[in-house]
Amino acid sequence: MSLKTNYRQAVKAFQPKTPYVINSLKAFVVGGALCTVAEAFANLYSRFFSVPLLSAQQLAVMTMMLLAVVFTGAGKYDDFSQFAGAGATMTLAGFANALASAALEYRSEGWTAGVASQMFKAGGAAIVYGVVTAYLLGILYYLMS
Amino acid sequence: MKLAGKQTWVFEHDIYIQATGTAVGPLEADGPLRESFDIAHDDLYCGEKTWELAERRLMQEAIGVCLQKGNISFSDIDIFLAGDLLNQNVTANYVARTVPAPFLCMFGACATSMQTIAVGAALIDGGFARTVLAATSSHNATAERQFRYPTELGVQKPKTATFTVTGAGAAVMGRKRGRWRITAATIGKVIDAGTANPFDMGSAMAPAAASTIEQHFIDLGTSPADYDLIVTGDLSRVGSVIVRQLLAESGYNVTDNYNDCGLMIYRPDQNVFAGGSGCACCAVVTYGHLLKEMERGALQKIFVVATGALLSPTMMQQKQSIPAVAHGVVMEAVKEER
């Protein structure tokens, strides 16, 4: 098959393959490691602040998101994501990065038209579909119980 | 007749590049061509408040150093041709406020550099201008935010992605004898090979580059061996292999005397995926590095083919494919008069 006769098919031989297996492994290990760190925070909080485990877990999630925002501001989170892929983007830390990166990016257009309006540009879809899914599951749960 | 064959302009008069100027960002200055650039910034903001202002400053500085090196004043410029990648060509249009000459804005995506050189040379050849100023720019962060994502958003990019060059290049052309002569230009057709992946512009642009290069050989009756170097603008590691394969299928063997500006500007270990891209890629490598190589005598005759992917985020979201265009210009070294 030549490039001239069927470009879209033939060109695939020239494109470097995405290493899906390695990427999945990295995402699994890094994503798991992040969750382990969050778990450690949760245990720490519930032990030292004597709060219920659920509150401690919520505090732990907030800590992870705060860390993600700090690393985003330092310009490191995108490098981390390039390595870890879904392990870095699919967690709540990744969601924090989506909001923080957009907020930073649009700071140059001001606080209202820039930061506030554009903040959800990268992370907005996660909120919309998160809420929709929560409602659907809620309705399903109501019908089944 | 100045039109040779279908798409090639052969200039009747002697048209020269009299001076060039280049300004680049930190990563480019850290690359293998650092000595070739006139101005290098160690900060991506280039001392400005926003990325867009930084890009504007780069173009302004490239023009300034170009005029200074050529000892040319703004009053000598009959027309200014410029373009960039941003919406409404804001870099070029805002820079034009400071250039007291008639202005034509040009857009050919990353093919803009050779588009301005070709049109500028044609205006001079046709007698519509004596001296033409051409400039183009791109900035990694302005391109990222317009075409892709916020710069700090964590996204895993594929190996086919390219890295937009931060920089600007300017050139002054005229009838007055200079060190480089512009002898011909081949204007490309828009070719859409049907690919739709904005993270693989090499595959999208290679057919347009091959079309322009092949047509150039046909129009002038030349062959690859007639050029010391055939150089494409920003096909990168992926597209540069494809374009050679496409030309080989048409019977043109382009191997040793071929290179791509996107492969020359960075070191492989600079984390730039498949290589450099953007309007500035072809501009700073050609105006900075390649013309110096010609001056040094390492190259006599080169064919610079700037390649542009004519996409927009809206068209990509509407699942449209990527049209591409490539414009080529032949530059020859002028021997010193004894």
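This is a predicted model: local features need pLDDT of at least 70, side-chain atom pairs count only at pLDDT 80 or more; totals for chains, interfaces and linings use all residues.
Local features need pLDDT of at least 70, and side-chain atom pairs count only at pLDDT 80 or more, while totals for chains, interfaces and linings use all residues. Residues are numbered from 1 along each chain as its sequence is written, and side-chain values use heavy atoms, without hydrogens and water.

View 1. Because 6 of its 7 residues are buried, E9(B) is largely enclosed by the rest of the structure (buried means under 20% relative accessible area, exposed over 50%, partly exposed in between; 1.4 Å probe, protein chains only). E9(B) pairs in the antiparallel sense with E2(B), residues 8-24, over 6 bridges (pairing needs at least two DSSP bridges), and B:Thr8 stands opposite B:Thr186. E14(B), residues 324-333, is also an antiparallel partner over 6 bridges, with B:Val330 facing B:Ala184 as bridge partner.

**View 2. A stacked pair in chain A.** Among the 10 aromatic pairs over all chains is A:Tyr45 with A:Phe49, stacked at 5.5 Å centre to centre and 15° between the planes (ring centres of Phe, Tyr or Trp, its six-membered ring, within 6.5 Å; planes under 30 degrees apart are stacked, over 60 edge-to-face, the rest tilted).

**View 3. A tilted pair in chain B.** B:Phe80 and B:Phe103 have centres 5.1 Å apart and planes at 35°, so the pair is tilted. B:Phe80 is buried at 0% relative accessibility, whereas B:Phe103 is partly exposed at 25%.

**View 4. A charge over a ring.** The charged end of B:Arg145 sits over the ring of A:Tyr106, 4.8 Å from its centre (NZ of Lys or CZ of Arg within 6 Å of the centre and within 35 degrees of the ring normal).

How values were computed
Chains are lettered from A and ligands numbered from 1 in the order in which they are written. Helices (H or I, at least four residues) and strands (E, at least two) are DSSP runs, numbered from the N terminus.
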